[in-house]
Amino acid sequence: MNTKNEQFMSDVIAGLSLGQKALPCKYLYDEDGSRLFEAICETSDYYVTRADLAVLDQHLPEMAKLIGEQVHVIEFGSGAGVKTRHLLRALNAPVAYTPIEISASALEASAEALRGHFPKLAIRPLQWDYTQDIPSSVLSVGEPDQRRLVFFPGSTISNFTHTEAAEFLSRIRNMIKAQGDRPDGGLLIGVDLIKAHDILVAAYDDSEGVTRDFNLNLLHRINRELDANFAVDQFRHEARYNTDHNRIEMHLVSQQEQQVRINGHRFEFKDGESIHTENSHKYSVEGFSKLAKESGLKVVKSWVDDQQLFSTHYLECDPGFVD
């Protein structure tokens, strides 16, 4: 078993051993999962992508002016790169673009498509788990000493707990802050807003069943890569709103008593017992600003779409922050 699968195995065994069984949401994004997520973004119930693009398209000139010229754009979870094209067209002479993606197939497809649109731009794809530390040496290879702009659209920050999100934003601050001849950079980030529960639940349990297939694909992946024996048709997808934590939760719910075997381990499931696979926390504009401040970042400007569904924020390092 290679190192990558050893870590996958370790995380699966640890997660299914918890009282509330859970799996890290990053494992949803294998090749099939990435393809299904792009399909989710096209469903009528999933408002996030449309609202995100609406904010970008309406305010990109102002965003580009704040960001400035000749930046090195670093994007986490680049996916299909649709929003990236909008941003790169609006910026004044970006010097480089580094998409960072855990899925090798999604990363290469996105990078190749963008090379066609921006043939003169230095595009340096990096396959990496961006939830982990990224060594500065990896990002700096061949990089001019221009400012860095981290681009993180789509509200993936929602997948983290408050503590995890604060730590993640702190790591971004370290990536964009001045070093050597490089001046302080910025962060352009999408954040989903608190809204009516029925809108949220529908977005994560769409009427076309694409999110269901996306969630269940994780069990198919475990069967395929870890030689497990999940009876996938005996689990169902469920989206729940957790009022206490202002978040949508995705679960895979066992529809009968059953036993699953993985690498010599056996896991018992009761009828109705679930595996918690993903969180999506929702914020107010003020709540996200407070979170950013805890992480050494200050919100320079925030924008919200006309329907008050989604927000985008431009942040810079807080000069008064003490590590």
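Q: In strand 8, which residue is the bridge partner of A239?
A: In this predicted model, strand 7 covers residues 235–242 and strand 8 covers residues 247–254. The two strands pair in the antiparallel sense over eight bridges. A239 has its bridge partner in strand 8, and that partner is M250.

Q: Which residue in the hairpin of strand 7 and strand 8 takes a positive phi?
A: The hairpin has four residues between the strands. One of the residues in this hairpin has a phi near 50 degrees, and that residue is N246.

Q: Is V201 buried, partly exposed or exposed?
A: V201 lies in helix 8, residues 197–203. Buried means under 20% relative accessible area and exposed means over 50%. The relative accessibility of V201 is 28%, so V201 counts as partly exposed.

Q: How far apart in space are V201 and I248, C-alpha to C-alpha?
A: Leaving aside neighbours within four places in sequence, V201 is in contact with A239, Y241 and I248. V201 and I248 are 47 residues apart in sequence. From C-alpha to C-alpha, the distance between them is 7.1 Å.

Q: Which residues does F230 touch, not counting residues up to four places away in sequence?
A: F230 is among the residues with the most contacts inside the largest nonpolar core. Not counting residues up to four places away in sequence, F230 touches L16, L219, I222, N223, F235, V260, I262, F269 and I275.

Q: Which element gives the largest share of the lining of the second largest pocket?
A: The second largest pocket has a volume of about 460 Å³. Of its 21 lining residues, the closest to its centre are K4, Y27, I102, Q127 and R221. Helix 1 (3–16), helix 5 (104–117) and helix 9 are the elements that give two or more residues to the lining. The largest share is six residues, and these come from helix 1.

Q: Against which elements do the buried residues of helix 4 pack?
A: Helix 4 covers residues 82–90, and its residues K83, T84, R85, L87 and L88 are buried. The buried residues of helix 4 pack against helix 3 (48–67), strand 1 (72–76), strand 2 (96–101), helix 5, strand 5 (148–152) and strand 6 (186–192).

Q: Is A93 buried, partly exposed or exposed?
A: A93 lies in the loop between helix 4 and strand 2. Phi of A93 is near 50 degrees, a positive value in a residue other than glycine. At 42% relative accessibility, A93 counts as partly exposed.

Q: Is D227 buried or exposed?
A: D227 is placed in the loop between helix 9 and strand 7. Its phi is also positive, near 55 degrees, in a residue other than glycine. Because its relative accessibility is 66%, D227 counts as exposed.

Q: How far from C25 is the nearest cysteine sulfur?
A: A search of the whole structure finds zero disulfides. C25 is in no disulfide, and the nearest cysteine sulfur, that of C41, is away by 14 Å.

Key: Residues are numbered from 1 along each chain as its sequence is written. This is a predicted model: local features need pLDDT of at least 70, side-chain atom pairs count only at pLDDT 80 or more; totals for chains, interfaces and linings use all residues. Side-chain values use heavy atoms; hydrogens and water are left out. A disulfide is a pair of cysteine sulfur atoms within 2.5 Å. Two strands pair if DSSP finds at least two bridges between them. A nonpolar core is a set of buried Ala, Val, Leu, Ile, Met, Phe, Trp, Tyr and Cys residues joined through side-chain atoms within 4.5 Å. Buried means under 20% relative accessible area, exposed over 50%, partly exposed in between (1.4 Å probe, protein chains only). Contact means heavy atoms within 4.5 Å. On a 1 Å grid over the protein atoms alone, a cavity is a set of points where a 1.4 Å probe fits but cannot get out, and a pocket is an open set with protein on both sides within 12 Å along at least five of seven lines; lining residues have an atom within 4 Å of a point. Grid points are joined across faces, edges and corners, and a volume is the space filled by probe spheres set on the points.
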